[in-house]
Amino acid sequence: MAQPSCNTIFSQQQQRTFIQMRTNLKVVDNSGAKRVMCIQALKGRKGARLGDTIIASVKEAQPKGKVKKGEVVYGVVVRAAMQRGRCDGSEIKFDDNAVVLVNKQGEPIGTRVFGPVPHELRKKKHVKILTLAEHIA
Amino acid sequence: MVLKTELCRFSGAKIYPGKGIRFVRSDSQVFLFANSKCKRYFHNRLRPAKLTWTAMYRKQHKKDIHAEAVKKRRRTTRKPYSRSIVGATLEVIQKKRTEKAEVRDAAREAALREIKERIKKTKDEKKAKKAELMAKSQKTQTKGSVPKAPKGPKLGGGGGKR
């Protein structure tokens with residue numbers, strides 16, 4: 001696991017912000033895509049946060065997958081480096097920005113989800129992603 | 001208390017509800033920090049065992065452990081509880097406690113003997129009754145009554161058991 005070295009201390013202390021246009025996100029399901037770039041955050045003037053849906057363009061994909069490079073897809077943000085407040089007052093933040101590709105109805109395209117996933121998806125009615133997740137944080 | 005306080009992964013402090021930051025690493029490990037001080041130190045890769053104010057440091061350098069150990073030892077010695085209960089008053093309990101072993105054995109034997117005698121008595125009575133019945137049946141010479149008599153008590157016994 002890559003831990004930040006001395007000269008990246010500043011980057012760790014920076015205030016993390018929203019997921020907006022041109023943000024690169026990691027894809028954590030087995031739909032075929034690897035990296036995806038956000039082109040629009042649905043809902044939110046400043047950008048998308050944890051649990052929001054975005055429209056993204058596939059930048060990097062596996063050769064045999066359900067999605068190809070250059071496709072425009074919808075995605076649900078499942079991990080965001082920007083902290084999100086919970087209803088009990090605490091905050092939660094993840095290590096990276098990650099997304100799960102969905103179709104227009106909100107159902108995931110892939111069949112597996114890797115890595116931890118937050119509770120917030122339950123409120124946003126993304127129950128299917130929660131059932132596929134291996135760890136709910 | 002209704003609220004549940006969690007412990008800070010870095011400093012060991014209690015985190016009350018509404019406070020603290022939860023950091024989920026990519027390997028699904030969850031870290032709870034009491035405040036941004038702990039979070040900052042964690043991200044800057046400082047070790048809690050080297051910072052004097054953290055619980056880890058105190059444990060490692062064995063601070064405040066002697067007081068805890070002494071307290072634990074004191075609690076283990078207990079006096080025999082002497083109070084009267086509903087079933088037996090204080091004097092009865094004390095008498096029973098101070099009874100010697102021989103006295104208790106003698107009492108037990110006496111009780112057993114009594115029970116044995118009682119059982120013997122009932123058995124003898126039953127035998128006598130049976131003998132009477134047999135004698136009666138022989139006099140009247142009816143085959144029906146003989147099988148009936150042993151059956152009678154049995155049926156009653158079967159119903160009673162249930």
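This is a predicted model: local features need pLDDT of at least 70, side-chain atom pairs count only at pLDDT 80 or more; totals for chains, interfaces and linings use all residues.
## Strands and sheets

Chain A holds a closed barrel of five strands, which runs β1-β2-β3-β4-β7 with mixed pairing. On average, neighbouring strands of this sheet are turned by 55° against each other, direction ignored. One of the pairings in chain A joins β4 (residues 72-79) to β7(A), in the antiparallel sense and over five bridges. Within that part of the chain, Y74(A) stands opposite V102(A), which belongs to β7(A).

## Where the two chains meet

How many residues does each chain bring to the contact? Chain B brings 18 residues and chain A brings 20 residues. Together the two chains bury about 1,700 Å², and 51% of this area is on carbon and sulfur atoms. Eight residue pairs are in polar contact across the interface of chain B and chain A, counting pairs with both residues at pLDDT 80 or more. β3 and α1 (36-43) of chain B each supply at least two residues of the side of chain B that touches chain A. The most comes from β3(B), which gives four residues to that side.

Is S28(B) buried or exposed? S28(B) has a relative accessible area of 18%, so it is buried. Apart from its neighbours within four places in sequence, S28(B) is in contact with G115(A), P116(A) and H135(A).

## Salt bridges

Side chains of opposite charge can pair when their charged atoms come close. Over all chains, the structure holds nine salt bridges. The table gives three of them.

| Salt bridge | N to O distance |
|---|---|
| D96(A) and K26(A) | 3.3 Å |
| K124(A) and D52(A) | 3.2 Å |
| R118(B) and E114(B) | 3.8 Å |

The pair of D96(A) and K26(A) links distant parts of chain A, 70 residues apart. D96(A) is in the loop between β6 (91-94) and β7 (98-102), while K26(A) is in strand β1 (residues 24-27). D96(A) is buried, with a relative accessible area of 16%, whereas K26(A) is partly exposed at 34%. Both residues also take part in a network of salt bridges that links K26(A), R79(A) and D96(A).

In the salt bridge of K124(A) with D52(A), the closest N and O atoms are 3.2 Å apart. K124(A) lies in the loop between α2 (120-123) and α3 (127-132) of chain A, and D52(A) lies in the loop between β2 (33-41) and β3 (53-61) of chain A, so this pair ties together parts that are 72 residues apart in sequence. K124(A) has 32% relative accessibility and counts as partly exposed. D52(A), with a relative accessible area of 10%, is buried.

The pair in chain B sits within one helix. R118(B) and E114(B) are separated by about one helical turn because they are four residues apart in helix α5 (residues 101-140) of chain B. Both R118(B) and E114(B) are exposed.

## Two residues with positive phi

Which backbone angle sets R45(B) apart as a residue that is not a glycine? Its phi is positive, at about 60°. R45(B) lies in the loop between α1 and α2 (55-60) of chain B, and is partly exposed with a relative accessible area of 49%.

K62(B), also a residue other than glycine, has a positive phi near 55°. The loop between α2 and α3 (65-76) of chain B holds K62(B). With a relative accessibility of 60%, K62(B) counts as exposed.

Conventions:
Residues are numbered from 1 along each chain as its sequence is written. Chains are lettered from A and ligands numbered from 1 in the order in which they are written. Side-chain values use heavy atoms; hydrogens and water are left out. A salt bridge is a side-chain nitrogen of Lys or Arg within 4 Å of a carboxyl oxygen of Asp or Glu. Buried means under 20% relative accessible area, exposed over 50%, partly exposed in between (1.4 Å probe, protein chains only). Two strands pair if DSSP finds at least two bridges between them. Axes are lines fitted to C-alpha atoms, for helices over the stretch in contact, and angles run from 0 to 180 degrees between N-to-C directions. Contact means heavy atoms within 4.5 Å. Buried area is the accessible area (1.4 Å probe) that two parts lose on being put together, summed over both. A polar contact is a pair of N or O atoms within 3.5 Å; within protein, one must be able to donate a hydrogen and the other to accept it, and residues adjacent in sequence count only if both atoms are side-chain atoms.
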